[in-house]
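Subject: Structure for your review

Dear colleague,

Please find the structure below, followed by a summary of what was found in it. I would be grateful if you could read the two side by side.

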Amino acid sequence: MDLHVYFDSLGCDKNLVDSEKMLALLDKHRAVITDDPAAAEVIIVNTCAFILDAKQESIETVLELAEYKKNGKCRALIVTGCLAERYTDEIRDEIPEVDAVIGTTGYDSIWEAVVSTLNGKRVELCGNLNHLPAGITDRIAAKPGPYRYLKIAEGCNKHCTYCAIPSMRGPYRSVPMEELVTEAISLANAGAAELILVAQETTLYGVDLYGEKKLPELLKKLCRINGIEWIRLLYCYPEEITEELLRVMHDEPKICHYLDIPLQHGDDEILRRMGRKTDRSGLRDVIATIRRILPDVALRTTFISGFPGETVEQHNNSLEFVREMRFDRLGVFPYSEEEGTPAAAFSDTIDDEVRRQRADEIMRVSEEIIFQKNNELVGHDILVLVEGYLPEDECYVGRSYRDAPDIDGYVFFKSDAEWLTSDIVPVTVTKANGYDLIGEERSLS
């Protein structure tokens, strides 16, 4: 008899990779994945606990799905991921419907946990933050699309004062290069045209395994894989970006001239209190170097507003920095206290409403810059990776190299030709619409 499993993946793209590996392990044992929790004998929730909103979403999802344990076919409810790692005791004590709690490094034992729980045993696999699941290169896509994420490392050694990631994900551990290449080939064979490299920090890849940064070498190997057309880098810490990396990005045509660099603030004192390793002058220098070697680069960053002790002047310094640097993409988050972090003990907290107001102000300044840059693209030709067709609008939708999925904009274009998902189409931009671009297929005649 087939075992029906319902799987819910929450949180970031790195969590999504873990989910896809768990799905592959379940499939290996012939479990049937269902999208109906009422039909499932096993329910698995891969949770997030990065900030308060994510934590609340995870808790609410677990409680909602726990109802199927009381009033459905569900015989086992399994909670995995960051919430499980961080709040093992609370889940055990407060949500008795949960049969297994598996932390961030235990997902390679998901099938054994399923078997044990179905046999009436309670399972807890948490706390081993030095472990790195190895040899799992098969994955099942959790959602359709022409892109897939490749997680090249786990954990973080930076210990920024506001961040709880090291307590949930452990120290920095790089995945062996040969394992990543095997996994990337598998993703390409499954139809991925775009490979997006992720980790808590991608730029430090290889230091722990090989004694030096090996991201440039990894990129060269990935560029040789047939079927992969675009490679994109996320989560690049500014102090770890080297000219060698930028030269590889310049020389390898498959690598998108796009860098996601989480900077967090534009004031030196706040950066110091955050535990960041680069000051404002250093950030300017890094950005200048990037733009010198990659003149057409699209730079994305994230900022935090309302960090403890942030004065009006320091907030204005962030605004000024955003205006000066003219980032192509930007996200901003009101500061969220995370228990157990050094910043959570700071006494000079900022009112929640002020945090949100300051976030809105940074976003308005950024939007003006981004919209202006998009308007400057009108009349230019760009390449677009097709994601689908919108029959109600009679147009295709896709992304340029300037746009990462889910966080950036889209390109909508008309064409008389028939294009498939993953095709790359030359498009002439005819209009800018906020974060998005409108265009038409460029005629090659």
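**An enclosed strand**

Buried here means under 20% relative accessible area, exposed means over 50%, and partly exposed lies in between, with a 1.4 Å probe and protein chains only. Strands (E, at least two residues) and helices (H or I, at least four) are DSSP runs, numbered from the N terminus.

Please note that this is a predicted model, in which local features need pLDDT of at least 70 and side-chain atom pairs count only at pLDDT 80 or more, while totals for chains, interfaces and linings use all residues. Residues are numbered from 1 along each chain as its sequence is written, and side-chain values use heavy atoms, with hydrogens and water left out.

Both faces of S3 are covered, with Val-42, Ile-44 and Asn-46 buried on one side and Ile-43, Val-45 and Thr-47 buried on the other. Strand S1 (residues 4-9) runs parallel to S3 and is joined to it by 5 bridges; two strands pair if DSSP finds at least two bridges between them. S3 also pairs in the parallel sense with strand S4 (residues 76-81), over 6 bridges. Val-45 stands opposite Val-79 in S4, and Asp-8 stands opposite Val-45 in S3. Together, S3, helix H2 (residues 52-70) and S4 make a right-handed β-α-β unit. Right-handed means that, with the strands pointing away from the viewer, the path from the first strand over the helix to the second runs clockwise.

**Asn-46**

Asn-46 is found in S3, which spans residues 42-47, and counts as buried because its relative accessibility is 2%. The side chain of Asn-46 reaches the backbone oxygen of Asn-15 at 3.2 Å. Leaving aside neighbours within four places in sequence, the residues in contact with Asn-46 (heavy atoms within 4.5 Å) include Phe-7, Asp-8, Ser-19, Met-22, Thr-80 and Gly-81.

**Nonpolar cores**

A nonpolar core is a set of buried Ala, Val, Leu, Ile, Met, Phe, Trp, Tyr and Cys residues joined through side-chain atoms within 4.5 Å. The largest has 58 residues, and those with the most contacts inside it are Ile-152 and Leu-197. Helix H7 (residues 177-189) gives the most to this core, with 6 residues. A second, separate core of 34 residues includes Cys-74, Ile-95, Cys-156 and Phe-307. Not counting residues up to four places away in sequence, Ile-152 touches, among others, Val-175, Leu-180, Leu-197, Tyr-205 and Leu-218.

**The barrel and its loops**

Five strands form a closed barrel with mixed pairing, in the order S15-S16-S17-S19-S18. Neighbouring strands of this sheet are turned by 50° against each other on average, direction ignored; the axes are lines fitted to C-alpha atoms, for helices over the stretch in contact, and angles run from 0 to 180 degrees between N-to-C directions. S17 (residues 411-414) and S19 (residues 436-441) pair in the parallel sense over 4 bridges, and Val-411 has Leu-437 as its bridge partner in S19.

Glu-394 lies in the loop between S15 (381-390) and S16 (395-399). Although Glu-394 is not a glycine, it has a positive phi of about 55°. Glu-394 is exposed, with a relative accessible area of 54%. Asp-406, in the loop between S16 and S17, is a residue other than glycine with a positive phi near 75°.

Yours sincerely

Definitions and conventions. Polar contact = N/O pair within 3.5 Å; in protein donor to acceptor, adjacent residues only side chain to side chain.
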